[in-house]
Amino acid sequence: MNWTLKIRQVHRWLSILFTLAVLINIAAMTQGQPPLWVGLLALFPLILLLASGLYLFALPYAARWRHG
């Protein structure tokens, strides 16, 4: 399997994890002041989403630059 296809698949699953983490965060906030770890729950998938998204964004530009 191609690396780009793997990164795309990971990016899709990370978006699902991020959405679930945000929903958990919202549900916890309705119960009052949530613990700090609940607030940081969405941060880890968000950082990975940023990294994989920037990579996928740069792919067409890098391919164009490599092929002249």
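Predicted model: local features only at pLDDT ≥ 70, side-chain atom pairs only at ≥ 80, totals over all residues.
Residues are numbered from 1 along each chain as its sequence is written, and side-chain values use heavy atoms, with hydrogens and water left out.

The protein chain has three helices and zero strands; helices are DSSP runs of H or I with at least four residues, strands are runs of E with at least two, and both are numbered from the N terminus. The order of the elements from the N terminus is α-α-α.

The C-alpha trace spans about 55 × 20 × 15 Å along its principal axes. The radius of gyration of the chain is 16 Å, whereas a compact globule of 68 residues would have one near 11 Å. This radius is taken over C-alpha atoms, and the globule rule is 2.2 Å times the number of residues to the power 0.38.

Of the 68 residues, 18% are buried, where buried means under 20% relative accessible area with a 1.4 Å probe, counting protein chains only.

Helix α1 covers residues 3–30, 28 residues in number, and reaches 41 Å from its first C-alpha to its last. That is close to the expected 40 Å, which is 1.5 Å times one less than the number of residues. Its buried residues are T4, L14, A21 and N25. They pack against α2 (36–39) and α3 (43–66), with contact meaning heavy atoms within 4.5 Å. After α1 comes G32, whose phi is positive, near 120°.

Key
Buried < 20%, exposed > 50% of the residue type's maximum accessible area, 1.4 Å probe, protein only.
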